[in-house]
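Visitor: I have a structure open and would like to go through it with you. Can we take it piece by piece?

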Amino acid sequence: MIEEGVDFQQVADFAAALLIGALVGLERERRKTEEDRTATSGIRTFILVSLVGGLASWLSQTFQSPWLFAAGLLGVTAFVVAGYVAEKRVNPQALGLTSEAAALVVYLLAGAAAAGEREIA
């Protein structure tokens with residue numbers, strides 16, 4: 001099931017997935033400092049979300065079960081909702097859902113990249 005040796009194509013796919021998370025995280029960090037506000041998601045959060053998306057995609061392919069990717073998406077969605085609720089309790093004036101939506105998109109794009117669809121991602 002798992003082959004011996006390093007699959008450089010898979011390494012490049014994972015690198016692309018992590019790069020997607022890093023780029024979106026950098027943009028959210030920059031926006032946070034420009035608007036002089038606090039936010040719960042930044043570069044580390046988006047890199048972790050992309051890592052989870054990439055790993056879930058790889059596991060889905062390895063075990064030939066799309067349910068693993070769907071379970072990962074459900075977990076990331078729960079994480080995003082919990083973060084949104086926590087931020088709303090601290091700052092009720094925070095209206096945006098951009099970071100939360102971006103986290104879900106990063107998960108999906110990282111999954112596509114890890115599945116070998118870097119051009120689409």
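Guide: We can start with the overall fold and then go through helix packing and a few residues.

Visitor: Fine. What kind of model is this?

Guide: This is a predicted model.

Visitor: How many helices and strands does the protein have?

Guide: The protein has 4 helices and 0 strands. From the N terminus on, the order of elements is α-α-α-α.

Visitor: What box do the C-alpha atoms fill?

Guide: Along the principal axes, the C-alpha atoms fill a box of roughly 50 × 25 × 20 Å.

Visitor: And how much of the protein counts as buried?

Guide: Of its 121 residues, 32% count as buried.

Visitor: What share of the contacts with a separation of 6 or more comes from residues 24 or more positions apart?

Guide: Those residues account for 68% of such contacts.

Visitor: On to packing. At what angle do α1 and α2 cross?

Guide: Their axes cross at roughly 150° and come within 7 Å. The two helices are therefore roughly antiparallel to each other. The crossing of α1 and α2 is right-handed.

Visitor: Which residues of α1 and α2 meet there?

Guide: On the α1 side they include F14, A17, L18, G21, A22 and R28. On the α2 side, I43, F46, I47, L51 and W58 are among them. By class, the contact of α1 with α2 has 12 nonpolar, 5 polar and 2 charged residues.

Visitor: What does I43 touch?

Guide: Leaving aside neighbours within four places in sequence, I43 is in contact with A22, G25, L26 and E29.

Visitor: How far apart are I43 and E27?

Guide: They are 16 residues apart in sequence and 8.2 Å apart in space, C-alpha to C-alpha.

Visitor: What about α2 and α4, how do those axes cross?

Guide: The axes of α2, residues 43-62, and α4, residues 98-114, cross at roughly 40° and come within 7 Å. That makes α2 oblique to α4. The crossing is right-handed.

Visitor: Which residues make the contact?

Guide: From α2, the residues are F46, V49, S50, V52, G53, G54, A56, S57 and Q61. From α4, they are S99, A102, A103, V106, Y107, A110, G111 and A114.

Visitor: How does that contact divide into nonpolar, polar and charged?

Guide: The contact of α2 with α4 has 10 nonpolar residues, 7 polar and no charged.

Visitor: Next, α3 and α4. At what angle do they pack?

Guide: They pack at about 160°, with their axes 9 Å apart. That makes α3 roughly antiparallel to α4. The α3 and α4 crossing is right-handed.

Visitor: Which residues are involved?

Guide: The α3 side consists of F69, G72, L73, V76, T77, V80, Y84 and E87. The α4 side consists of E100, A103, L104, Y107, L108 and G111. The contact of α3 with α4 divides into 9 nonpolar, 3 polar and 2 charged residues.

Visitor: How many aromatic pairs are there?

Guide: The count comes to 1 aromatic pair. The ring centres of F69 and Y107 are 4.9 Å apart with their planes at 25°, so the pair is stacked. F69 lies in helix α3, residues 66-90, and Y107 in helix α4, so the pair ties together parts that are 38 residues apart in sequence.

Visitor: Is Y107 buried or exposed?

Guide: Y107 counts as buried, at 0% relative accessibility.

Visitor: What does it touch?

Guide: Not counting residues up to four places away in sequence, D13 touches A113, A114, G116 and R118.

Visitor: Last one, A82. Where is it?

Guide: A82 is in helix α3. With a relative accessible area of 45%, A82 is partly exposed. A82 and S99 are 17 residues apart in sequence and 13 Å apart in space, C-alpha to C-alpha.

Conventions:
Residues are numbered from 1 along each chain as its sequence is written. This is a predicted model: local features need pLDDT of at least 70, side-chain atom pairs count only at pLDDT 80 or more; totals for chains, interfaces and linings use all residues. Side-chain values use heavy atoms; hydrogens and water are left out. Axes are lines fitted to C-alpha atoms, for helices over the stretch in contact, and angles run from 0 to 180 degrees between N-to-C directions. Angles under 35 degrees count as roughly parallel, over 145 as roughly antiparallel, 65 to 115 as roughly perpendicular and the rest as oblique. A crossing is left-handed if the near helix is turned anticlockwise from the far one by less than a right angle, and right-handed if clockwise. Contact means heavy atoms within 4.5 Å. Ala, Val, Leu, Ile, Met, Phe, Trp, Tyr, Cys and Pro count as nonpolar, Asp, Glu, Lys and Arg as charged, and the others, Gly among them, as polar. Rings of Phe, Tyr and Trp (its six-membered ring) pair if their centres lie within 6.5 Å; planes under 30 degrees apart count as stacked, over 60 as edge-to-face and the rest as tilted. Buried means under 20% relative accessible area, exposed over 50%, partly exposed in between (1.4 Å probe, protein chains only).
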